[in-house]
Amino acid sequence: MWNLIVGIGIAIGSLLVLYLMTRIHRFSFVGRLSEKSRLLSWIVCLLAVSPLALFLCFNVTTFLVVVIHAALGFFICDIAFLIYRRISKKKTGYDLQNFISIAVTVIYLSIGWVMAHNISITQYSVKTDKNIGESLRIVGISDSHLGITLDGEAFARQMKRVQDLGPDAVVIIGDFVDDDSKKEDMIRACKALGELKTRYGVYYVYGNHDDGYFRYRDFSESELRKTLTDNNVVILEDQSVVVDGRLCIIGRKDRSDSERADIQSLTKNLDKKIFSVVLDHQPNDYENEAASEVDLVLSGHTHGGHIFPAGIIGLLSGANDREYGSEVRDKTTFIVTSGISGWAIPFKTFCFSEIIVVDV
């Protein structure tokens with residue numbers, strides 16, 4: 001299955017590179033060169049698009065994303081200038097059109113690069129009539145996918161920011177690592193989690209990427225588990241823990257796990273007098289979670305959409321109940337974070353990376 005997907009991706013990428021070459025060939029200087037040697041003119045076009053191959057240093061997915069955006073930039077400008085020529089009745093050359101196409105693509109993806117790498121702090125306030133005493137501060141991170149924008153040291157620097165927020169509890173809401181994550185980064189990141197000083201500890205639930213899809217990385221799931229627990233991170237797999245008689249944290253297995261329990265069975269003995277937080281990586285069980293009358297559900301997975309319009313497609317297809325942000329259903333507040341990083345692609349368009357702070 002994955003070989004077929006990769007094959008289709010390579011075919012699409014090759015066709016789009018050919019399309020980009022035809023757009024470059026419209027430059028006037030290439031046209032003049034073509035009058036002398038058509039072969040040389042196409043070699044120049046190939047050389048012009050060859051820098052795109054540098055994105056293969058990240059992965060094939062990043063390369064495809066960049067090529068698709070470059071092709072879309074030319075295509076949209078083609079349509080815009082066609083309309084302009086029809087309305088104005090003016091003939092315009094392709095040099096300006098091509099420069100605008102390239103500039104728009106570069107600016108758009110540059111902003112996407114900044115949005116992915118610049119991590120914001122997003123604050124939420126949740127009110128409750130339950131007797132929790134003084135306020136609770138929960139700091140959450142999701143989707144670090146170690147390696148694409150954050151290596152171990154960069155993750156550790158972000159944990160210093162988390163520490164400065166004064167958390168009562170820190171929650172890791174899945175996809176901590178990925179297929180491409182390196183063991184040294186995983187170990188350093190786990191150590192950074194272990195160095196956090198909180199009142200109630202650090203809690204972790206698995207996402208769909210933590211166990212790996214291809215499993216060619218240089219550490220196993222059991223090594224990840226041991227390194228987390230050795231650093232005092234509490235892993236919750238369809239389990240709950242009550243801390244200080246005022247906070248119940250319920251960690252669900254990921255939706256991709258066939259042995260995942262339903263939320264009703266996880267909350268049947270829930271003390272409704274205690275404020276309850278559910279950690280559920282994928283935001284797609286809202287109806288059942290609201291019916292269970294838990295107070296707060298924290299999720300990630302969507303990356304806030306990551307690359308437009310992926311988030312909209314996820315909502316329309318029913319894959320996710322929410323793309324980003326908060327909403328209240330009955331007695332339950334739902335929050336979806338865009339994540340501290342994202343999967344495979346070092347860009348985020350129409351969204352950003354974040355750490356969330358929830359004050360109860």
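1. Is C351 buried or exposed? C351 is buried, and its relative accessible area is 6%. The model is a predicted one, and the values in this note are computed from it.

2. The other cysteine to look at is C190, which is also buried, with a relative accessible area of 0%. As for disulfides, a search through the whole structure finds zero.

3. Overall make-up. The protein has 360 residues, and 51% of them count as buried. Its secondary structure amounts to 11 helices and 12 strands. The C-alpha trace spans about 80 × 45 × 40 Å along the principal axes.

4. Contacts along the chain. Taking contacts between residues at least 6 apart in sequence, 72% join residues at least 24 apart.

5. Surface and charge. The accessible surface of the protein is about 17,600 Å². Carbon and sulfur atoms contribute 60% of that surface. The side chains include 38 positive and 43 negative ones, and 9 Å separates the centres of the two sets.

6. Helix α8. This helix runs over residues 221-230, and L224, T227 and L228 are buried in it. The three lie on the same side of α8 because they cover an arc of only 100° around the axis. What do the buried residues of α8 pack against? Their partners are helix α7 (183-194) and the strands β4 (202-205) and β5 (233-235).

7. The residue N232. After α8 comes N232, which has a positive phi, near 65°. This residue deserves a look when the backbone is checked against the display.

8. Q158. Where does Q158 sit? Its place is in helix α6, which covers residues 152-164. Q158 is a buried residue, since its relative accessible area of 13% falls under the 20% limit for that class. Leaving out residues up to four places away in sequence, Q158 touches I119, L150, I340 and I355.

9. Points to keep in view. For the cysteines, the buried state of C190 and of C351 goes with a count of zero disulfides in the structure.

Notes:
Residues numbered from 1 in each chain as written. Predicted model: local features only at pLDDT ≥ 70, side-chain atom pairs only at ≥ 80, totals over all residues. Heavy atoms only, no water. Buried < 20%, exposed > 50% of the residue type's maximum accessible area, 1.4 Å probe, protein only. Helix = DSSP H or I, 4+ residues; strand = E, 2+ residues; numbered from the N terminus. Arc of directions from axis to C-beta. Contact = heavy atoms within 4.5 Å. Disulfide = S-S within 2.5 Å. Areas by Shrake-Rupley, 256 points an atom, 1.4 Å probe, with all protein chains shown as cover. Lys, Arg positive; Asp, Glu negative; His and termini not counted. Charge placed at Lys NZ, Arg CZ, Asp CG, Glu CD.
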